[in-house]
Amino acid sequence: MTVGPELSRVFDHIETNKDKFVSRLLEYLRHPSISAQNVGMGEVVELLVSMLRRLGLEASAIPTAGYPVVMARWERAPGAPTVLLYGHYDVQPPDPLEAWISPPFEPVVREERVYARGAGDNKGQHFAQILALESHLAVHGSLPCNVLVLLEGEEEIGSPHIAEFVDAHRDLLKADLVITADGPLHESGRPIITYGVRGIVAFELRARAARSDVHSGNFGGLVPNPIWTLVHLLATMKNADGNITIDGFYDDVVAPTELERTAAARLPLNAEDVQRALGLAKLDNPTDLPLADRLMFRPTLTINGLHGGYGGPGSKTIVPNEAVVKCDARLVDRQDPDDILRKIEAHVKSHAPDVEFVRIESTPPSKTRLDAPFSRAIQSAVQIAHGVEPLVYPSLGATLPDYVFTKILGTPSFVVPYANADEANHAPNENIEIRCFLNGVRTGAALLDTLGGSAR
């Protein structure tokens, strides 16, 4: 695709300043912002507000019941669309520290990658968005479209207050579309655009019997075993064919549209590749469904961990007195987390009334139509920045708080990742390739230009 003269000048500016941009990223990453531990959060909020104000945006930190939301706006393009750029300034704890080759908050460049906590998730990606704004302003003195910036401080702890914030500030967040730069590119390095995410519910099941562990010889066969209680209960929730057997669980699941099926069929999803990469002899049931259906269009029920009794060396002949299982279910569009949790709880009460059901967390799914407004403009912008057509994903298997835009605001939302597939987010030695970071700046710049062009 042809790069117009205005965007070409911005691309030239990015190329000229690429070393400075990387140096500034290193400086930003030196500031920890660990929401789970309340480390450095206030300092990074002040840094971001100051940074955005220097660009000429109206910026402030808006309090929530948890950490502040950083909001900024530039609305001086009459007739042009307004795009809301979402990201999060909090990062995961860096533990285990001994697994890092270099300290997590002392960023370094090795083999054309920046290594630091937050490099990929999400500081490197939203900083690329900010540099895209800066580049347009430096070259043209203005932006081609109106822009809102929303940087959350609690994404890494489940975004407990983002829905309340968005609902309370609808007027501040009026936009024509939302773009989130988060997550990785395809493992081939090819860019992707995602139009939705699955939701999630997480819960525990707790079973108890005797006041303490008892001797399996003296009391086995008499005292109920909480682990068996949970095993039998779990077997009533999903069968060997891979189907979830909780009454009403699939009631609100709708079939993918023809556009979604066509887009999914074009994706490089291959069962043999997955098996080879993960060392699997076979995939989980139901094996008769395409990979795309199981990753995007169907809900799941997963046992995350089953704990109880003795797990040390040798044997310990006991009947344990308690056991707990942790589970999650990934939900697809139109499934309501509260409804699903009620159905799971009712199933537990029906099959094992003495088992305690504990809700842990829930996030609704989100979906934007593949033919939503600005869809073609976004695909064009990504192709201009990368020089290759992006892969279009109707949905991600994982979960983001994207629903606050699509369900609360009713605004189409698109996820456009900038990080490399092996960014190691949430893990030691998190990194972002310098090439990916700079392509992220280019992509952000192209998105602004293309959206502005849609109004010209």
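The legends below walk you through several close-up views of this predicted model. Residues are numbered from 1 along each chain as its sequence is written, and side-chain values use heavy atoms, with hydrogens and water left out. Because the model is predicted, local features need pLDDT of at least 70 and side-chain atom pairs count only at pLDDT 80 or more, while totals for chains, interfaces and linings use all residues.

**View 1. F127 and F437 form a stacked ring pair.** Across the structure there are 6 aromatic pairs. Rings of Phe, Tyr and Trp (its six-membered ring) pair if their centres lie within 6.5 Å; planes under 30 degrees apart count as stacked, over 60 as edge-to-face and the rest as tilted. Here the ring centres of F127 and F437 are 6.4 Å apart and the planes meet at 5 degrees, so this pair is stacked. F127 belongs to helix 4 (residues 123–140) and F437 to helix 14 (residues 434–453), so the pair ties together parts that are 310 residues apart in sequence. Helices (H or I, at least four residues) and strands (E, at least two) are DSSP runs, numbered from the N terminus. Buried means under 20% relative accessible area, exposed over 50% and partly exposed in between, using a 1.4 Å probe and protein chains only. F127 counts as buried at 1% relative accessibility, and F437 counts as buried at 1% too.

**View 2. Y195 and F414 meet edge-to-face.** The centres of these two rings lie 5.3 Å apart with their planes at 80 degrees, so the pair is edge-to-face. Y195 sits in the loop between strand 8 (192–194) and strand 9 (196–197), and F414 in strand 18 (residues 413–415), so parts 219 residues apart in sequence are tied together. Are these two residues buried or exposed? Y195 is buried at 0% relative accessibility, and F414 is buried with a relative accessible area of 0%.

**View 3. Y28 takes part in a ring cluster and has a lysine over its face.** Ring pairs link Y28 with F127 and F437 into a cluster. K123 lies over the face of Y28, at 5.2 Å from the ring centre. A charge sits over a ring if NZ of Lys or CZ of Arg is within 6 Å of the ring centre and within 35 degrees of the ring normal. You can find another case at Y115, where the charged end of R110 sits over the ring, 4.0 Å from its centre.

**View 4. C327 and C436 are buried cysteines.** C327 has a relative accessible area of 3%, and C436 has one of 2%. How many disulfides does a search of the whole structure find? The search finds 0 disulfides, a disulfide being a pair of cysteine sulfur atoms within 2.5 Å.

**View 5. Two peptide bonds are cis.** Most residues other than glycine have a negative phi, and most peptide bonds are trans. The bond from D121 to N122 is cis, with omega near 0 degrees, and N122 is in the loop between strand 5 (113–115) and helix 4. The bond from N285 to P286 is also cis, with omega near 0 degrees; P286 lies in the loop between helix 9 (271–278) and helix 10 (291–297).

**View 6. S159 and N429 have positive phi values.** S159, a residue other than glycine, has a phi near 50 degrees. Look for S159 in the loop between strand 6 (146–152) and helix 5 (162–168), where this serine is buried at 8% relative accessible area. N429 is not a glycine either, yet its phi is about 60 degrees. N429 sits in the loop between strand 18 and strand 19 (431–433) and is buried, with a relative accessible area of 17%.
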